[in-house]
Structures are given as C-alpha cells and as structure tokens.
Amino acid sequence: MHLRYLLHLLINKYQYPKFVRWKVVIRRCLLRNKAVVCSDGSCFSIAADGDIEGLCKNKKGHLSGSDIIQQAVAQGGTKCNSFGPTLYNFYCRNGFEPVSWCRFDWRYAPRGTTHAEPLVFFMYTGKNTATPYDAFLKQKPAADFIQAYQTRDAALQKKRAESPLPTRTIPSTSFNKKKKCFF
C-alpha cells in the first residue's frame, strides 16, 4: 500500500507550484503511518498518534478538500500542522481548532523550503473555528517547534479527558463508488 500511496503523493505534490509543494514532507508520511489513497488519487496518511500528514488533493480529482479531511478524521486523524495562512481557514472550517503556533525555524524546515512561514498546530474538535489567522498570530508564540507541538498535544489530552473527541460522521449519501478510499 505504501508504494501506491507514494506514487499518488508524488503525482499530487508536483501538480502544485514549488512555493506550495515544499509543505508536504514525503519522508514523514511514510514512516509508521497508515497510508490512504482515495478513489480519485487524493491521499493522506495518519500517524499512530492521530497526526494527519501528507494530505494532498489531486487537482484533477472529484473529491473536495473537505471530503478528504473528513475521511482522514474518520480514519482516526485528530491533529495536524499547517505552514502559513493557506490551509489555516480550510482546517478551521472543517472542525479543527488552532491551539498553538511557532515562528519558522530553519532547523526543522522540510527539504525544499522556499520561504519562512509560521507553523500552526491544530486539534480536531468538530467545531468550526472563526479566529482569523492574523488575530491568532497575535497570541504569544511558543518558544520553538517542540513547545508548540507539546502545547497542542497537552490540549488534546485535556480535551480527551473531559469528553471523547467527536468523530466526523459522513452522510450515507456520500458513500458511493466515487468517494470510497482504499486503505
């Protein structure tokens, strides 16, 4: 399965301009992750701790980004990270809450990085979040990547202790041959 996933990830990644595609780190997506390829060739992977990585939409595919992230949540995805404002609003509209952020650190930069953007850490709550990107970044940043990661994971653990995290239920009308994913 990982070979099929890798093929689709590479095809999808290189459909995007260089200033966008550096954000998908192939090495991280393949290590100890559950790889998922959707019927239209879009793909994502989920780490054992629920981290959604390598979410990559096929530009020529029929699935929307929301369909793909819903599948990721249904497969156990509970958290994700995003560089810059591009995906910030997308994740907020699809039930993820921004929890922490850090300034860009070249020590942790993916290979091929073209420019520095803040890194935002999200957790899935099932609620649409309306905090604008610029307003969120006015909050004090974490000291570094590790602290931002740990802050988000601590918030996720606290949320789990209070009540189980909601799982996204996909309406039965969306389950058809065109929207199935292969695991």
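Rings of Phe, Tyr and Trp (for Trp, its six-membered ring) count as a pair if their centres lie within 6.5 Å; planes under 30 degrees apart are called stacked, over 60 edge-to-face, and the rest tilted. By that rule, the structure holds 12 aromatic pairs. Keep in mind that this is a predicted model: local features need pLDDT of at least 70, side-chain atom pairs count only at pLDDT 80 or more, and totals for chains, interfaces and linings use all residues. Residues are numbered from 1 along each chain as its sequence is written, and side-chain values use heavy atoms, with hydrogens and water left out.

**Rings**

- Ring pairs join Tyr88, Phe90, Tyr91, Phe96, Phe122, Tyr124, Tyr133 and Phe136 into a cluster.
- Let's look at Tyr91: with Phe96 it makes an edge-to-face pair, 5.7 Å centre to centre and 70 degrees between the planes.
- Tyr91 also pairs with Phe122, this time tilted, at 5.3 Å centre to centre and 50 degrees between the planes.
- Tyr91 is in helix H5 and Phe122 in strand S6, so this pair ties together parts that are 31 residues apart in sequence. (Helices, H or I with at least four residues, and strands, E with at least two, are DSSP runs numbered from the N terminus.)
- (Buried means under 20% relative accessible area, exposed over 50%, partly exposed in between, using a 1.4 Å probe and protein chains only.)
- Elsewhere, the charged end of Arg152 sits over the ring of Tyr149, 4.9 Å from its centre. (For this, NZ of Lys or CZ of Arg must be within 6 Å of the ring centre and within 35 degrees of the ring normal.)

**Cores**

- The largest nonpolar core has 23 residues, and Phe44, Ile69, Tyr88, Tyr91, Phe96, Val120 and Phe122 have the most contacts inside it. (Such a core is a set of buried Ala, Val, Leu, Ile, Met, Phe, Trp, Tyr and Cys residues joined through side-chain atoms within 4.5 Å.)
- Strands S1 (33-38), S2 (43-47), S5 and S6, plus helices H4 (65-74), H5 (88-93) and H6 (133-136), each supply at least two residues of this core.
- A second, separate core has eight residues, including Phe83, Phe104, Leu119 and Ala142.
- In soluble globular proteins, nonpolar side chains tend to be buried together.

**Helix H4**

- Eight of the 10 residues of H4 are buried, so the rest of the structure largely encloses it.
- Among those buried residues are Gly65, Asp67, Ile68 and Ile69.
- Just after H4, Gly76 takes a positive phi of about 110 degrees.

**The sheet**

- Three strands make an open sheet in the order S4-S6-S5, with antiparallel pairing. (Two strands pair if DSSP finds at least two bridges between them.)
- S4 (79-83) and S5 stand at the edges with a single partner strand each, so one side of each has no neighbour in the sheet.
- S5 (residues 96-102) pairs with S6 (residues 119-124) over six bridges, and Ser100 has Phe121 as its bridge partner in S6.
- S4 pairs with S6 over five bridges, with Lys79 standing opposite Met123 in S6.
- S5 is mostly covered, as six of its seven residues are buried.

**Cysteines**

- How many disulfides are there? The count is zero, where a disulfide is a pair of cysteine sulfur atoms within 2.5 Å.
- The sulfur of Cys80 is 9.3 Å from the closest cysteine sulfur, in Cys92, so that is too far for a bond.
- Cys80 is buried at 0% relative accessibility, and Cys43 is buried with a relative accessible area of 0%.
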